Amino acid sequence: MASVSTTPASPGPAAVPAPARRPNLVVAVLAFGGVTVALMQTVVIPLVPVLPGLLGSTPADTAWAITATLLAAAVATPTMGRLGDMYGKRRMLLISLGLLVAGSVLAALSTSLAPLVVARVLQGLASGVIPLAISIMRDELPAERLGSATALMSASLGVGGALGLPLATLLAESVDWHVLFWVAAALGVLATALVVSVVPESAVRSGGRFDFVGAIGLSIVLLCLLLAVSKGAEWGWGSGLTLGLLGGAAVVLLAWVRWELRIREPLVDLRTSARRPVALTNLASAVFGFSMFAMSLVLPQLLQLPAGTGHGLGQPMVVVGLVLAPSGLVMMAMAPVSARITRLSGPRTTLISGVLVVAAGYGLNLVLMSEIWQLVVVSSLIGAGIGLAYGAMPALIMAAVPVTETAAANSLNTLMRSIGTSVCSAVAGVVLSQLTVPFGPAEVPSPTGFRVVLAIGAGAALVAAFIACFIPRRPRQG
């Protein structure tokens with residue numbers, strides 16, 4: 001059984017762990033793990049159009065290969081964060097990577113839909129890697145390295161997604177689709193071996209008992225909410241199933257909040273989460289998650305729509321990946337810039353700067369959307385804003401919570417961003433399905449539809465900046 005730390009909620013100097021002996025190597029290994037997990041979000045995208053034929057199923061059913069990962073990630077992120085605080089962040093990081101490898105191997109061996117969906121669930125359960133890694137950095141790195149390291153770790157989600165798409169597309173077009181998952185498994189094994197060799201286990205633990213009731217309750221809330229949001233357009237927003245899921249999520253959420261406030265060792269410390277700096281950061285993160293995802297929904301469609309529509313560029317998926325890839329590199333390059341702004345002016349300023357850059361990127365995209373180079377410029381600018389903002393969020397959270405709650409608090413922040421992106425997907429889907437133009441026998445999204453989604457993304461970024469203005473400059477830990 002794991003040893004229980006007696007570290008107090010507000011740690012003094014004695015509670016601060018010794019810095020890792022090889023901080024640069026630790027950062028590189030953790031960032032590699034984050035990129036590897038992020039690749040799992042994009043590895044299946046090139047396969048989506050052909051999965052029905054490959055698996056002998058319908059497009060509606062094969063969509064579960066993506067939906068299942070989303071739902072599993074939502075459940076795993078807060079759960080792994082709390083378990084990491086209790087039993088060891090490195091231990092939970094290794095378990096997460098093990099789930100990723102197991103899911104990748106199962107997917108590589110799949111020839112039908114059911115095992116592939118199970119495999120994608122296992123891959124989704126690995127999504128706690130990034131918040132766990134950020135928490136390990138807080139425990140192990142010297143103070144002067146923490147800002148740039150957490151900024152790089154936060155950016156790894158976007159980096160993996162942006163770089164993974166062109167790589168996955170090239171593999172999907174040249175080899176059997178199962179090779180995609182064998183490559184993912186190999187990367188997972190490598191990441192696991194590197195973590196075992198390089199990353200130390202932190203002595204900072206909260207101990208206590210795991211809140212199984214709270215975990216089940218939160219899982220039900222997230223499953224109902226995200227299932228309704230992701231499938232609402234398909235089922236009908238006014239259908240009994242969609243409304244029933246949303247209503248069920250609301251009822252269970254109320255019961256869950258009451259439970260979490262009553263027990264001594266909750267899954268999510270709602271009193272800590274309700275503190276002004278934490279609550280406002282999470283709210284801004286959710287709105288920003290909504291904003292940043294608009295790029296992922298608009299740019300690929302603009303690139304892939306037939307040129308005959310008058311506004312599409314008629315490009316294959318591999319070009320889509322190459323156009324979006326620079327944004328991932330820009331996110332990585334912005335990590336030290338984000339850390340420097342945070343060091344000089346505080347993380348609140350960094351967050352506001354980042355979301356304003358994203359808003360400017362969307363504003364530019366409203367007029368620059370007819371050439372490939374224009375979309376490269378726009379996606380890179382938005383990527384720069386995301387890199388700035390993502391670096392600031394964990395800094396704001398870690399400045400406001402006790403060291404023994406770092407993983408759980410970072411996981412909740414990551415979850416809020418994921419909820420924002422899921423809601424954005426639903427809203428953009430409604431807009432683009434309503435604002436269409438005819439193209440042959442079909443209807444395709446119109447230029448007006450794309451511009452409305454971009455305007456919504458810009459507006460959400462401005463709202464996130466407004467919320468961030470009220471975050472205290474120097475939040476105090478409870």
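**Notes on the predicted model: charges, rings and a nonpolar patch**

1. Let's start with a lysine that is tucked away: Lys 89 has 1% relative accessibility, so it counts as buried. Bear in mind throughout that this is a predicted model.

2. What does Lys 89 form a salt bridge with? The partner is Asp 139, and the closest N and O atoms are 2.8 Å apart. As background, side chains of opposite charge can pair when their charged atoms come close.

3. How many salt bridges does a search of the whole structure find? It finds two. Besides the Lys 89 pair, there is one between Lys 231 and Glu 234, where the closest N and O atoms are 3.5 Å apart. Both of these residues sit in helix α10 (residues 212-235), three residues apart, or about one turn of the helix. In general, an α-helix has 3.6 residues a turn, so residues three or four places apart point the same way.

4. Buried or exposed: what is Lys 231? Lys 231 counts as buried, because its relative accessibility is 3%. Glu 234, at 48%, counts as partly exposed; the cut-off for exposed is over 50%. Lys 231 has an aromatic contact as well: its charged end sits over the ring of Trp 64, 4.7 Å from the ring centre.

5. Another charge-over-ring contact is worth a look. Arg 417 lies over the face of Tyr 390, with 4.3 Å to the ring centre.

6. Phe 210 counts as buried at 12% relative accessibility, whereas Phe 212 counts as exposed at 59%.

7. Now for the surface. Which residues form the nonpolar patch? They are Leu 364, Val 367, Trp 373, Val 377 and Leu 381, and together they have about 450 Å² of accessible area. Helix α16 (residues 372-400) supplies the largest share, three residues. Val 367 is placed in the loop between α15 (347-365) and α16, and it counts as exposed because its relative accessibility is 61%.

8. Last, α16 itself. The helix has 29 residues and reaches 43 Å from its first C-alpha to its last, close to the 42 Å expected at 1.5 Å a residue. Why call α16 largely enclosed by the rest of the structure? Because 23 of its 29 residues are buried. Still, this is the helix that gives the nonpolar patch its largest share, so check both points together when you look at the burial of α16.

Terms used: Residues numbered from 1 in each chain as written. Predicted model: local features only at pLDDT ≥ 70, side-chain atom pairs only at ≥ 80, totals over all residues. Heavy atoms only, no water. Patch = residues over 30% accessible without salt bridge, like charges linked within 9 Å, V, L, I, M, F, W, Y side chains within 5 Å. Areas by Shrake-Rupley, 256 points an atom, 1.4 Å probe, with all protein chains shown as cover. Salt bridge = Lys/Arg side-chain N within 4 Å of Asp/Glu carboxyl O. Helix = DSSP H or I, 4+ residues; strand = E, 2+ residues; numbered from the N terminus. Buried < 20%, exposed > 50% of the residue type's maximum accessible area, 1.4 Å probe, protein only. Lys NZ or Arg CZ within 6 Å of the ring centre and 35° of its normal. Expected span 1.5 Å × (residues − 1).
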